[in-house]
Amino acid sequence: MAGLISCLSLLLFFTANAQESDFVSIPFTEVLEEGNEIPGLSFIYNAELPRGIDGTAYGLVFKRSDGVWASDTLGFYNEVKALQDTIFNKLQVKGEIKKLLFEDEISDEGVQEYLDNLIRNELIVLNASGSADNADVGELIILGNKVPFKPYYKLKIQILSDIRMLFLIGFLVFFVFAAILLVVAIFIIKTQKKNRDILVKRFTSLSYEPLNNLLFEKSLDEIKQMDQRELTNTFPKKLIQKSLFKDVLIQEIISLNKNMKGDFKVKLKLIYRKLDLDKHTIQKLSSKRWDIVTTGIVEINEMDILEAEPLVSKFINHKNFYLRSNAVATLLNISDDADLKVLANQEYPLSKWQQMIYYRIIRYSKDKRNIAYLLESKNESVRVFGIKLIRYLGLVDQLEFLVGVYPDASDTEKIEIIQCFDMFGFGIGLEQIYADLKSENKQLVLAAIKLIQNVGDKFSLTTLIELSRISEDFDITKAAMKGVMILDKTVFDEVYQDSQKELEIKISKHLKDPVLNHV
């Protein structure tokens, strides 16, 4: 609405400019001397008369407040002008004519602007110019009648003669047209969505009873003996071929499949296959809409459609996050990829949400997975996830392999490896951990200190004491001193009891305090 008001303001501004460019101002004295009464404009004559002169003879009234003689308010300029000339001729006093606009005094410039506005808007009509004599005027009128009329503007509307106006009007028309289209589009979309929701509710109720009858009244062998035609006849014939009805039926089957066990799950998957719903699901992978493709992949995962594996594998490195995540999860579930190549070949970083989903699938998978293959991936996030899996799944046999890859690992990987060592109390290869105590990565240093304090030896004491003395970081100094205290409290007292450093004294008191030592 604000944009429309701005456009209308511009339209009025340009219109005023277009009219002003064609207007020629006429001096206000010439307009007033024509003798016409101007709406809202009046005049008062003021003069200082000589002593002894009575102004009442001229129709004047003496104003004691100003000490001047003034006339009544006159509506015609010629009257006040004649009064001024009369007094000047007899008394040689010029006086002053004051102009009033709606009873308020106004300057000559104000009178000129006011009259220009009246003339421009054709609120007053001026008489023919008195400078030419009557004969010339009559001759011009006769000659003018002989000339055929031609409009000055080629267009009927003056405003359309300006290209800027045409552009502005075109923009307004486009804006209104676009707004109408937008409203119509929103109405159509909302109507379609409302109609679809109504159909989904209807189809859900129509599919609920046939599914229940098949699950609870038919045995598994009876369903196996039923052919496709017989099974299809249990559902509404006119609806079973509709795409939306199939989608609703699939969602109902998947919903029941998540909550059923044993023969019921087998029945549901058998019904799904016999109704050719698996073909309907696979067709969704050819859609250009990512949400439909994702829905198809989820259905393949839930219903274990193994033959769709090659089609799903095309999406494992798709740029769309949700499409890619579901494709990888589905392949982890339905494929026999023991080396987890689908994860190892990931080109995009793994988010924490993806890692949680993939861990759950691998954790409860019946097949044994080769986690070591993930550690050889070119994707750092995949390697980090592989290290986490070793820790979460308790794969102690992979710890020696982690010792071998530790020197070439990134800081993020080293932190995860150290956490693995710390969790299993694995102390082999501490020499490499000591070297990282000099790292500029604070989190890596703190993780190394925590591991050393749990699995360290006497050499570790010396290393931690030296680190606490040379480090300028408070957290590292505190962690190193805590490590010394955990490894050998006697050595801790000998080293820091007589310390001259104020920071070491404060940290020592803090660690010995039973209330604050865990803070």
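## Helices, strands and the model

Helices (H or I, at least four residues) and strands (E, at least two) are DSSP runs, numbered from the N terminus. By that rule the protein chain has 25 helices and five strands. The model is a predicted one, in which local features need pLDDT of at least 70 and side-chain atom pairs count only at pLDDT 80 or more, while totals for chains, interfaces and linings use all residues. Residues are numbered from 1 along each chain as its sequence is written, and side-chain values use heavy atoms, with hydrogens and water left out.

## The chain as a whole

Of the 519 residues in the protein chain, 38% are buried, where buried means under 20% relative accessible area, exposed means over 50%, and partly exposed lies in between (1.4 Å probe, protein chains only). The protein chain exposes about 32500 Å², and carbon and sulfur atoms supply 56% of that area; accessible areas come from the Shrake-Rupley method with a 1.4 Å probe, and for residues only the protein chains shown count as cover. Among contacts (heavy atoms within 4.5 Å) with a separation of 6 or more, 67% are between residues 24 or more positions apart.

## A nonpolar patch on the surface

Phe-171, Phe-175, Val-176, Ile-180, Val-184, Phe-187 and Ile-188 form a nonpolar patch on the surface, and together they have about 650 Å² of accessible area. Patches are made of residues with over 30% relative accessible area and no salt bridge, with like charges joined within 9 Å and nonpolar side chains (Val, Leu, Ile, Met, Phe, Trp, Tyr) within 5 Å.

## Two packed helices

Two packed helices are described by the angle between their axes and the distance between the axes. Helix 21 (residues 442-455) and helix 22 (residues 458-470) pack at an angle of about 145°, with their axes 11 Å apart; axes are lines fitted to C-alpha atoms, for helices over the stretch in contact, and angles run from 0 to 180 degrees between N-to-C directions. The contact is made by Val-445, Ile-449 and Ile-452 of helix 21 together with Ser-460, Leu-464 and Leu-467 of helix 22.

## Salt bridges

The structure holds 17 salt bridges, each being a side-chain nitrogen of Lys or Arg within 4 Å of a carboxyl oxygen of Asp or Glu. In one of them Lys-284 pairs with Asp-247, the closest N and O atoms being 2.9 Å apart. Lys-284 lies in the loop between helix 11 (277-283) and helix 12 (290-303), whereas Asp-247 lies in helix 9 (residues 243-259), so the pair ties together parts that are 37 residues apart in sequence. Lys-284 counts as buried at 9% relative accessibility, and Asp-247 also counts as buried, at 18%.

Lys-442, which is partly exposed at 30% relative accessibility, forms a salt bridge with Asp-473, the closest N and O atoms being 3.7 Å apart. The side chains of Lys-442 and Asp-475 also meet in a salt bridge (2.6 Å, N to O). Because Lys-442 lies in helix 21 and Asp-475 in helix 23, this pair ties together parts that are 33 residues apart in sequence.
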